[in-house]
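Dear colleague,

I am handing over the structure below, and I would be glad if you could look through it alongside the notes that follow.

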Amino acid sequence: MTTPAAAAVSLSADEARRIALRAQGFLGAPDRRAGVRGMLRRLGAVQLDTISVLARSHELVPYARLGAVGRGTVEAAYWSQGHAFEYWSHAACILPMEEWPHFAFRRRANRARGHRWHILADQDRSTRAVRDRLRAEGPLTSTGLGGAKNGGEWFQWSETKIAVEWLLDIGEVVCTERRSWKRVYDLAERAVPGALFHDGLDDRECLRRLVALAGQSLGVGTRADIADYHRLKGEQVDAVIADSGLVPVEVEGWGKPAWADPAALAAAPRGRHRTTLLSPFDSLVWDRARTERVFGFTHRLEAYVPKAQRIHGYFAMPLLAGGRLRGRVDPAREGSTLVARQLSLTSPGDARHMAAALREAAEWVGCDAVRVERAATPQEAAAVTAELAAL
C-alpha cells in the first residue's frame, strides 16, 4: 500500500479484498476466546432470515468464522444475559446490546411517522393492552399475547401483533430472543440495562457511530457500501463521514471514493484463510454490488425466483477458500446425508475446496455422508465426488 503526498491512501484491489476479509473475521486465526459474542461485536449486525437449509442464517454466520460451534451454544451466546437485541439494521438483525442508544434516530423517525404500514382502529387502547400484559406477565411471544394471526388485514396479523410490532419499532418493547423462530417481546425499560436505556443521543451522533461501525466492520468501503450496512441514506453518511474517524482511500479498479478503518490500514492483513460455505445473508456477501466489486463474483439469492428460472438453486451458498469466492452450492439434507443439489466451481482446482467445505458442513449438522446430485458439468461432479472420497 502506498501513501502519496497530500493524497488519499492508495490500495490495490488485492489489498482492499484482504482488508475486507480480515475485518469480517475470515483472515487470521479465529478468535475462539471471544466466541460468538465477540464475532457479533466485530460485525455489528447479524441478519436474521426465515430460510433454514443447513441451519438458519444467524447460525451459519458464526459457523463460517469460528467452525463447528454448537447450534445451542450459538443461540445462548446471542440471547442469554441480555447481550443482544433484535432491531431493524441491514434488515431484521441481531445487534449488540451496547448499540441500543445508537438506533434512537430510527426509533424517533418511526415515532414521528405515527404508525407502521398498519393503522389500528384504536392504537392507544391496543398498545396499552400489550404494555399491561408484558408488565404483569414478563416476556411473551405474540402467541402468548393472544395470537399473531386473527384475520387482520396485514398478512392476517392480529390487532395485538400489529400493536406489539409498533411498540418494537418505537423502542417501548424490545425483542430479547427468538424462540422456535417467534419473537419474544419484553418491555425495553426492563430488558435494556439502565445505563443504555435512553434516547439521549441526537441523530447526528447516532449516525456518526453507525457509519464508524460500518467502516470498521467492512474494513474498507464506498459511500454506498457504508450506507447499506445499516441501511442508512447516502446523505446521512455524507453528513457525518468527516467526523467518523474513517479515512479516505483510493482503491484500484473501484472508480469511486472510499473510506477505510485506520486500524485496518495499520495492521497488515495476513494469516490463515478460512475455507467455508457462506450464507447468502452473511455480511461478507449480502451486498451484491460490493461482492462483485471486491471478489469479481456475481451472486444472487434465488429462493424467491420461480424454480424454473433458477440458475444456481434455491439457497446457493458461496464457497470461500484462499480468500476468494470459488464456487457455490445449493445444499439440502436427506436423513443423515448432506446433498449438494447443485454446485459449480470457478476452476477445476476448486473441487478440493468444495469437498472440504461440504464435509465440514455435513459434520457440523450431524450428517455422516455427502452426495453430489448435480453440477455445472459432469466433470465438476466427478471431481468433487472423488475429492470427497479421498477425505
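The side chains of arginine 274 and glutamate 360 form a salt bridge, with 3.1 Å from N to O, where a salt bridge is a side-chain nitrogen of Lys or Arg within 4 Å of a carboxyl oxygen of Asp or Glu. Between domain 1 and domain 2 the count is two salt bridges, and across that interface eight residue pairs, both at pLDDT 80 or more, are in polar contact (a pair of N or O atoms within 3.5 Å, of which, within protein, one must be able to donate a hydrogen and the other to accept it, while residues adjacent in sequence count only if both atoms are side-chain atoms).

Please keep in mind that this is a predicted model, in which local features need pLDDT of at least 70 and side-chain atom pairs count only at pLDDT 80 or more, whereas totals for chains, interfaces and linings use all residues. Residues are numbered from 1 along each chain as its sequence is written, and side-chain values use heavy atoms, with hydrogens and water left out.

The domain assignment, which is automatic or taken from a database, gives domain 1 as 7-277 and domain 2 as 300-390. Their contact (heavy atoms within 4.5 Å) takes 20 residues from domain 1 and 25 residues from domain 2. The two domains bury about 2100 Å² between them, 68% of it on carbon and sulfur atoms; buried area here is the accessible area (1.4 Å probe) that two parts lose on being put together, summed over both. Ile51, Leu54 and Leu277 supply 35% of the area that domain 1 buries against domain 2, more than any other three residues.

Elsewhere, the side chains of arginine 65 and aspartate 282 meet in a salt bridge at 2.7 Å, N to O.

As to confidence, the mean pLDDT (the predictor's confidence in each residue, from 0 to 100) is 93, and 97% of the residues reach 70 or more. Over residues 2-6, however, pLDDT stays under 50.
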